[in-house]
Structure formats: structure tokens, C-alpha cells
Amino acid sequence: MKRLLILAAAVTAFAVHAQTAFPGAKPITIVVPFSAGGPTDRVARDLAEAMRKPLGGASILVDNAAGAGGTIGANKVAKAAPDGHTLFLHHIGMATSPALYRKLPYSVENDFEFLGMVNEVPMTLIGRPSLPANNYKELSVWINANKGKINLGNAGLGAASHLCGLMFQNALGIDMTTVPYKGTAPAITDLIGGQIDLLCDQTTNTTSQIEGKKVKAFAVTTAKRLTTPALKDLPTLQESGLKGFDVSIWHGLYAPKGTPADVLAKINTALKAALKDPEFIKKQEGLGAVVVTDKRVEPAEHKKFVLAEIAKWGPVIKAAGVYAD
């Protein structure tokens, strides 16, 4: 009987330890500042699944706090209890919101703990199928010959396609008529139909259209060429003459400022384990994303990168004079 009592006590102690391993039995919530079903939401759900095991089987939920270009979700996390149970997954909007919104209720630099980068999604410059250009060199000639007549679509203010379009115009030193849509799908539909001329958007949205030859593809926005079969022959905008042009949509993980250092270390360790998970990598590749494996998985390097992105995008957005508030 005594041995049974000792064994029962040991089992109970193990169960309590398993429940409180993270720090405590309360579920972890990853706040996503966009609607369910979108690219960022899918990344968050894949990441939650991959981080459960390295966090001792912790329960991880996803909370879609959409609206105002991601700032509602960001503010929710900035004001949350700094106990490690509220995390935040955001994309490049973390770096562009300080310029797009002149009255942010939080500070990107000072109100968050930076946990590490997750992935990057390349972008492509595509055109309507009837465009009289078949490569970037011909497109460049066409753009210069049609200044003031070019329509450049995007998926809405602050969207990846909007930001890429701003950077493209800035690099060329040419203003185009921007046509905002309520999402990528209607923008691509109008591009295919010839209602707009150009669009710069994520490979997650454009690869199938390029493979199906429904649009013309001219270049990728990353510093190096891509290896995806449908995109491997596309030049980069840098090699096409736009020096320093490097745009991708990335995701990072954050926590409220003041979260204890030991808790942050546990989350970062779990994040790095998730980024090496073969199933997670496979899912990200299915989205057209590349899992980050460099030093930006470390908190300090992640923050350094985001601050550099803020410095890069601020002048571009301000030069366009387009604000979300």
C-alpha cells in the first residue's frame, strides 16, 4: 500500500509539472491582426501546432483581432499582461505601421519584446496578358513610353502589394495611377481582364497565375533569384537595374513588453525548434514561404531587422503622402 501511495504521488506530481511546465496551465494565445483563413492566419496556426510539443504540450490558441491594418491586434497585445500567455504574429506591417499611421496607440520599438523571425515570402512583378512586353527590359521601355498612363493595382492601403508598388515607383522615380482593391483576388481578376496594367504581389497569390500563363511575369523582388520551378527564370529587380531593391513579406513573433526574460527564453527556444520541424517547413513551402534560418531567429537580431525595415519604409511611405489615418 505504501508503495502504491508513493507511486500515486509521483504520478500526480508529474501531471502537475506537465500542466505547469510552460509557466502555468493557462493556454497561450497567438493574436493575429487579420481575419481567419488569410496567409498570416495560416502561418500562425501552423506555428502554434509546431510549438506545442517544445512547450511541453501547452495549449496554443489563435485569436483573430482584425482591423485597421493590423493595428487593433497590435494594440491588444501591447496592452496585454506580460506573462508569456499572449503572443503576437505580424508581418511587414509591424515595420510600416509607424509611417502609415501618424497616431499609433503603441510604439513598435518600445511596447513589444521581439522573439524571432518566422518566414519570408518573395514577391513578383506581374502584368496583364495583353501588355506589349515579354521581359523586364521590354517592360522598362514600355513604362518610360507610357508615363502618366499606367495603372498599378494593389490589394488595399497597407497591403503587401501596395507597399511593393510604392517601392517600385520610388525606385523608378515614376508615378503611376494606383488602383486599390478590397483584396488580392479582385485585383488579379482585373489584371487578367486588362483593367489594370501591373501588380506586385506575393508568390502565394501569383505563382499559380504565372504557371497558368494567365498573367505576364517580369521579375522577382528578392535579392536573389528564386528556385521555384515556375519562377526560377525570372530576373531580380536588382539585376534588372533597380539597385538595392529587396522586398519580401516576412512574419515575426512578439510578446508584450516586460515579459520575464526566462519566459521569453522558453518561447524563443520553442520557436527555433518549430522552425526546424519538417512538417512546419513543408507547410510553409506549400504557402510559397521560406522559413528563416539565419540570426534573425534570435530576439536581438529580429529587433535590429525590424528597426531597419522601419527606416527603409518610412521615407517611401512619406514620399507618397498616403496615410491610413
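Reader: Which strand and which helix each supply at least two residues of the lining of the second largest pocket?

Author: In this predicted model, about 370 Å³ of space lies in the second largest pocket. Its lining is made up of 20 residues, and those closest to the centre are Glu120, Thr222, Asp246, Ser248 and Arg296. The elements that each contribute at least two lining residues are strand 11 (290–291) and helix 11 (299–320).

Reader: Which element gives the most to the lining of the second largest pocket, and with how many residues?

Author: Strand 11 and helix 11 each supply at least two residues of this lining. The element that gives the most is helix 11, with three residues.

Reader: How do the residues of the lining of the second largest pocket divide into nonpolar, polar and charged?

Author: Among the residues closest to the pocket centre are Glu120, Asp246 and Arg296, and Glu, Asp and Arg count as charged. Taken as a whole, the lining divides into eight charged, four polar and eight nonpolar residues.

Reader: Over the face of which residue does Arg296 lie, and at what distance from the ring centre?

Author: Arg296 is one of the residues closest to the centre of the second largest pocket. A charge sits over a ring only if it is within 6 Å of the ring centre and within 35 degrees of the ring normal. Arg296 lies over the face of Phe305, and its distance from the ring centre is 4.8 Å.

Reader: Which residues form one aromatic cluster?

Author: A search of the whole structure finds six aromatic pairs. One of them joins Tyr106 and Phe112 edge-to-face, at 5.8 Å centre to centre and with 90 degrees between the planes. Another edge-to-face pair, Phe112 and Tyr254, has 6.3 Å centre to centre and 70 degrees between the planes. The aromatic cluster consists of Phe88, Tyr106, Phe112, Phe114 and Tyr254.

Reader: Why does Tyr254 count as buried?

Author: Phe112, its partner in an aromatic pair, counts as buried because its relative accessibility is 1%. The cut-off for a buried residue is under 20% relative accessible area. Tyr254 counts as buried because its relative accessible area is 0%.

Reader: Where is Lys213, and is it buried or exposed?

Author: Lys213 has a positive phi of about 55 degrees although it is not a glycine. Its place is in the loop between helix 8 (203–211) and strand 9 (216–220).

Reader: How far apart are the end C-alpha atoms of helix 2?

Author: Helix 2 (residues 39–52) has 14 residues, and its buried residues include Val43, Leu47 and Met51. At 1.5 Å a residue the helix should span 20 Å, so the model agrees with expectation: the end C-alpha atoms are apart by 20 Å.

Notes. Residues are numbered from 1 along each chain as its sequence is written. This is a predicted model: local features need pLDDT of at least 70, side-chain atom pairs count only at pLDDT 80 or more; totals for chains, interfaces and linings use all residues. Side-chain values use heavy atoms; hydrogens and water are left out. Rings of Phe, Tyr and Trp (its six-membered ring) pair if their centres lie within 6.5 Å; planes under 30 degrees apart count as stacked, over 60 as edge-to-face and the rest as tilted. Buried means under 20% relative accessible area, exposed over 50%, partly exposed in between (1.4 Å probe, protein chains only). Helices (H or I, at least four residues) and strands (E, at least two) are DSSP runs, numbered from the N terminus. On a 1 Å grid over the protein atoms alone, a cavity is a set of points where a 1.4 Å probe fits but cannot get out, and a pocket is an open set with protein on both sides within 12 Å along at least five of seven lines; lining residues have an atom within 4 Å of a point. Grid points are joined across faces, edges and corners, and a volume is the space filled by probe spheres set on the points. The expected span of a helix is 1.5 Å times one less than its number of residues.
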